[in-house]
Amino acid sequence: MSELPSSVLFACTLNSVRSPMAEALAKRYYGRRAYFDSAGVRAGDLDGFTVSVLDEVGVDIHRHTVKTLDEIDPSEFELIITLSPEAHHAALELTRDAATQVEYWPTPDPSVIEDDRTRRLEAYRQVRDMLGQRMRQRFGASGAVEV
């Protein structure tokens with residue numbers, strides 16, 4: 001466990017599932033103790049299952065705006081946490097000349113599950129819970145209501 005950085009960017013492939021989920025959970029857990037944002041290598045659309053599983057725990061991301069790494073200045077962030085291999089490679093390239101640290105948190109993409117709604121939702125819940133647990137391991141207890 002280490003200290004919470006002042007600014008954290010979560011990055012994944014499309015900024016539609018994992019990275020907006022991580023951003024929303026970090027804001028819920030750590031509030032104004034740090035600045036959190038998210039971006040993708042490419043632009044996608046916010047995934048409805050992501051919205052649903054966060055709604056279940058009282059986290060609202062209906063107004064999330066999808067962004068790409070091209071729209072981000074890496075020097076604005078102390079830490080970039082990448083959640084997909086593609087995002088990790090892009091972030092390393094983006095931060096070559098920046099003091100920004102990059103960490104890779106391998107996170108499965110629940111959107112690849114092609115099954116019934118119940119099994120798909122369970123895959124999204126597992127990612128949500130895994131990200132929350134990883135944040136608590138990395139940054140410590142938040143003091144906020146845990147989901």
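Hi everyone, let's start with a pair of helices: α1 and helix α2 (residues 48–55) pack at about 20°, and their axes are 10 Å apart. That makes α1 roughly parallel to α2, given that angles under 35 degrees count as roughly parallel, over 145 as roughly antiparallel, 65 to 115 as roughly perpendicular and the rest as oblique. Before I go on, please keep in mind that this is a predicted model, where local features need pLDDT of at least 70, side-chain atom pairs count only at pLDDT 80 or more, and totals for chains, interfaces and linings use all residues. Residues are numbered from 1 along each chain as its sequence is written, and side-chain values use heavy atoms, with hydrogens and water left out.

A few conventions for the elements. Helices (H or I, at least four residues) and strands (E, at least two) are DSSP runs, numbered from the N terminus. Axes are lines fitted to C-alpha atoms, for helices over the stretch in contact, and angles run from 0 to 180 degrees between N-to-C directions.

Back to our pair. Met-21, Ala-24 and Leu-25 of α1 meet Thr-50, Val-53 and Leu-54 of α2, where contact means heavy atoms within 4.5 Å. By class, this contact has five nonpolar residues, one polar and no charged. Here Ala, Val, Leu, Ile, Met, Phe, Trp, Tyr, Cys and Pro count as nonpolar, Asp, Glu, Lys and Arg as charged, and the others, Gly among them, as polar.

Now bring in α4. The axes of α2 and α4 are 9 Å apart, with a packing angle of about 65°, so these two helices are roughly perpendicular to each other. Their crossing is right-handed. On the α2 side we have Phe-49, Thr-50, Ser-52, Val-53 and Leu-54, and on the α4 side Arg-117, Arg-120, Leu-121, Tyr-124, Arg-125 and Arg-128. That contact holds five nonpolar, two polar and four charged residues.

What about α1 and α4? Their axes come within 10 Å and cross at roughly 50°, which means α1 is oblique to α4. This crossing, too, is right-handed. The residues in contact include Met-21, Leu-25 and Tyr-29 of α1, and Tyr-124, Leu-131 and Phe-139 of α4. Eleven of the contact residues are nonpolar, one is polar and three are charged.

Next, the sheet. It is open, with four strands in the order β2-β1-β3-β4 and parallel pairing; two strands pair if DSSP finds at least two bridges between them. At the edges sit β2 (35–40) and β4 (101–104), each pairing on one side only. On average, neighbouring strands are turned by 20° against each other, direction ignored. Inside the sheet, β1 (residues 7–12) and β3 (residues 79–82) pair in the parallel sense over four bridges, and Val-8 has Leu-79 of β3 as its bridge partner.

How do the helices sit on it? Helix α1 (residues 18–30) lies across β1 and β2, running at about 175° to β2. Helix α4 (residues 117–139) lies across β1, β3 and β4, at about 145° to β3.

Last, charges. A salt bridge is a side-chain nitrogen of Lys or Arg within 4 Å of a carboxyl oxygen of Asp or Glu, and by this rule the count comes to twelve. One of them joins Lys-27 and Glu-23, with the closest N and O atoms 2.7 Å apart. Both residues lie in helix α1, four residues apart, about one turn of the helix.

Definitions and conventions:
Left-handed = near helix turned anticlockwise from the far one by under 90°.
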